[in-house]
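Subject: Structure for you to look at

Hello,

Here is the structure I promised to pass on. Please open it beside this email and follow along.

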Amino acid sequence: MSSPDEHRPEAGENTPAGPADARGGQEETASPEGGASPSTADWQRLHPFSVWASTVVAGVFLLPSAIVGTVVLVVAGQSLWALAPVPGALAFLAFMTYLDMLRLRATRYRVTAERMEMRSGIVAKAYRSIPRERVRSVDVAAPLYARIFGLCSVTVGTGEKVGPGSDQLQLLYVTAEQGEWLRRDLLYRGTPTAAGPSGAPGDAADGEPGAGGDEETELARLDRRWFAYAPATTATLGVGLGAITGLLGLNAQTGGTGWDWISEQTGLPSIAEMSSFVVARFLLVVPLTLLGLLVSGVIVLTAVAVETWWDYRLTREADGTVRLRRGLLTSVSLSVEGRRLNGVTLHEPFVLRRTGGADVRAVATGLAAADDKKTNAKSRLSPAMPRQRARELAADLMRTPDSPLDVPLAAHPRAALRRRFTRATVVTVLGAVLAGALAWLQTMISAAWWKVVHEAEREFIPVPLATSTVEAAPSWGWAVLAVLISAVAFWYAVGSYRGLGHGLHPRYLVVRQGMAVRDTVTLERSAVIGWRITHSPFQRRLGLADVAATTAAGQGMYAANDVGLGQGLAWAGEAVPELLEPFLVRGDGHGGDEPSHG
Amino acid sequence: MDAMSADTPRLRPPRHRVDKRAVWWWTTRSLAVAAVLTAIPVVPAVIWEPPRFWLLLAAAVVGGFGLLITVVMPLWRYRVHRWEVTDTAVYTSSGWLWQEWRVAPMSRIQTVDTARGPLQRAFGLSSVTVTTASAAGPIEIAGLDHALATQVADQLTDTTQATPGDAT
């Protein structure tokens, strides 16, 4: 091969006999130099600046607190102790830096024609190796502190576990050019190249993997108007509440003196004055409080959305790799091998759905993180955007002329609605019991008791409203509460039934469900690796079942819930004909072959 | 309930039942759990006088419930638990109140294991566990005769190795 780079020998020589045979997670005690000699030059180190990046981050947090500590001690007259914090912090930083340096020196990685390998560990040496064809995704992230040094972290996702609890391999940190080169090279499925990252990045970009980058097609780009959807979540009030209770908690930590001091200095009312004001003008203050919560929630959520989705671009490169770029302070680039993008999820939480928005998530192999929450966060391919735009984007991602999301979905049997009504009835009964209990309490508790309760509440809550509300509520209020709970329960039941649906596209199967969060999932039929059909005693009585397709992608299993058993089996049988068909019987042969679930 | 038209498919049960000894295995297991749960309120009842009646009542309820499950569950399970291995797929049914059918194609099987706990060993039984790349969990055929389980696992391993693809 005519590479200008001397670091990489030809493909054939790239696998040394020993370590390359050792599969993922295996302990390797031999020193890195113990491998076959021609390939040692190949091993790359992490960038030396990465140590300084970590030190700077730790220092930014440690040193100010050390200085504050010194000041506090000096003010408190403990001038001897005041000498401790700053040198202590510096010593700690130096120690951490030293450890990090050891880590840096112990870590080496290389990418050969067949596999990516990494050695790490100071005490317990680890050797991990991933065959290149198992690389499913490459995630390049550059937090602000790493970007200052021109560095980025690279996370390589595989479809299988390479170490304890993880199917990922992470490099902290390499240069931005190296990250970009790794991203292109690891997912490039053409002929393996011999271009190296370290010698001349410019040359590498002209190599074969680089050629793909020039023909990328843009699937989506940030429209700033989309940020208007960011606060459209049920969490908005909660986040506002969180922000405000955070402030109140801070005040409580100072023993309540914080606000007292501020109110003395600025002439603002004290906590006691405010709470009596609040209780006196109940009807005015409650809506104002809600408005305040809403506004602070909107500000926080919009800020988070801007940080996360700034500079958002979703592109498909010539070799089919889908690449996501986003982020203001932490810039993120995630690449998913096109073949491993087995479908998409149209994600519509309730409030967003009501405002006509949706976002798109990937159903892909190799995006699995430590837990479901992280997996979901990682598979987001778009910010909240208008629903029509989201559907177009989903269709583009699936490369189908007629979008699977336009497939008409079959409704589930009325029995599924009946099941939801049963649940709503249970909630209604519980709500009635709760309302009854509260009404009973109200009549039972005497004025003397109320005084004790109010005082107890005042101890814990800065704006004591809850018990006063209970005391002031008229007796018919409890009946209204019970009716309200019941109405919401039945409305939820109907909405959740309407959300159910399943359908088939020539290449994809589609399932939809959910009321609080409605997810429409499309999954490539060829990605289905099994079926799981379950039914509970309640479902059995109604002739319903959950029919789930298992897959290596995404959450691992996507179900048509509460589908008619026959209906669901017909759907599953048609979706992947050769798989379930041998185990299905049709017609009314009521022979002794009846399934044995009496 | 939807109308059972002539075209509505049904699942036929997998061909083979598990070993008859599995009934005794499940019975023993259930009895052991019931005995432990019943003993929890009995121990303080022996030591502590005042609430003795209520503790013994609780023990009686738990024990009665446990006995009921021990009588009903194993036979019910025996009727439901079935398995089948074809040239192309593994097909199982399991459970009793909550029932489950699983199908996995040979081409997507990653690993095949046999395992036997001390209790299963006492009855000469084994379980075969079949893993795919899905996070939905492995398929388990529990309560097979030990020799048969080994044979099934060998057959599965041979068939899987003969099938190309990386199972994802």
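In which strand of chain A does Tyr173(A) lie? Tyr173(A) is in strand E7. Keep in mind that this is a predicted model. Now look at the bond just before that residue. Leu172(A) and Tyr173(A) are joined by a cis peptide bond. Its omega is about -15°.

**The seven-stranded sheet**

E7 belongs to an open sheet of 7 strands in chain A. Trace the order: E7-E6-E5-E11-E10-E9-E8. The pairing is antiparallel. Two strands sit at the edges, E7 (168-175) and E8 (217-221) of chain A. Each of them pairs on one side only. On average, neighbouring strands here are turned by 15° against each other, direction ignored.

Now zoom in on one pair in this sheet. Strand E9 of chain A covers residues 313-316, and strand E10 of chain A covers residues 322-326. They pair in the antiparallel sense over 4 bridges. Which residue in E10(A) is the bridge partner of Thr315(A)? The partner is Arg323(A).

Arg326(A) lies over the face of Trp309(A), 5.2 Å from the ring centre. Chain B has such a pair too: Arg29(B) lies over the face of Trp25(B), at 5.0 Å from the ring centre. Over all chains, a search of the whole structure finds 12 aromatic pairs.

**The six-stranded sheet**

Chain A has another open sheet, made of 6 strands. The order is E14-E13-E12-E17-E16-E15, and the pairing is antiparallel. The edge strands are E14 (385-386) and E15 of chain A. Each pairs on one side only.

Strands of a sheet pair through backbone hydrogen bonds, either parallel or antiparallel.

Go through the pairs one by one:

- E12 (residues 341-349) and E13 (residues 357-364) of chain A pair in the antiparallel sense, over 6 bridges. Leu341(A) stands opposite Ala364(A) in E13(A).
- E15 (residues 501-504) and E16 (residues 508-513) of chain A are antiparallel as well, with 4 bridges. Leu504(A) has Leu509(A) in E16(A) as its bridge partner. The two strands form a hairpin with 3 residues between them.
- E16(A) is joined by 6 bridges to E17 (residues 517-524) of chain A, and these strands run antiparallel. Val510(A) has Thr522(A) in E17(A) as its bridge partner. E16(A) and E17(A) also form a hairpin with 3 residues between them.

Stop at the turn between E16(A) and E17(A). Gly514(A) there has a positive phi of about 110°.

A positive phi turns up elsewhere, in a residue other than glycine: phi of Arg399(A) is near 55°. Where is Arg399(A)? This residue is in the loop between helix H14 (387-398) and H15 of chain A.

**Helix pairs**

That brings us to the helices. Two packed helices are described by the angle between their axes and the distance between the axes.

Start with H15 (residues 414-444) and H18 (residues 476-499) of chain A. They pack at an angle of about 165°, with their axes 8 Å apart. That angle makes H15(A) roughly antiparallel to H18(A). H15(A) passes H18(A) in a right-handed crossing. Their contact residues divide into 18 nonpolar, 6 polar and 2 charged.

Next, take H2 (residues 49-75) and H3 (residues 85-106) of chain A. Their axes come within 8 Å and cross at roughly 165°. H2(A) and H3(A) are therefore roughly antiparallel to each other. Their crossing is right-handed. What kinds of residue make up the contact of H2(A) with H3(A)? There are 16 nonpolar, 7 polar and 2 charged residues.

Finish in chain B, with H1 (residues 21-47) and H2 (residues 52-80). The axes come within 9 Å and cross at roughly 175°. That makes H1(B) roughly antiparallel to H2(B). The contact of H1(B) with H2(B) divides into 21 nonpolar, 6 polar and 3 charged residues.

Best wishes

Notes
Residues are numbered from 1 along each chain as its sequence is written. Chains are lettered from A and ligands numbered from 1 in the order in which they are written. This is a predicted model: local features need pLDDT of at least 70, side-chain atom pairs count only at pLDDT 80 or more; totals for chains, interfaces and linings use all residues. Side-chain values use heavy atoms; hydrogens and water are left out. Axes are lines fitted to C-alpha atoms, for helices over the stretch in contact, and angles run from 0 to 180 degrees between N-to-C directions. Angles under 35 degrees count as roughly parallel, over 145 as roughly antiparallel, 65 to 115 as roughly perpendicular and the rest as oblique. A crossing is left-handed if the near helix is turned anticlockwise from the far one by less than a right angle, and right-handed if clockwise. Ala, Val, Leu, Ile, Met, Phe, Trp, Tyr, Cys and Pro count as nonpolar, Asp, Glu, Lys and Arg as charged, and the others, Gly among them, as polar. Rings of Phe, Tyr and Trp (its six-membered ring) pair if their centres lie within 6.5 Å; planes under 30 degrees apart count as stacked, over 60 as edge-to-face and the rest as tilted. A charge sits over a ring if NZ of Lys or CZ of Arg is within 6 Å of the ring centre and within 35 degrees of the ring normal. Two strands pair if DSSP finds at least two bridges between them.
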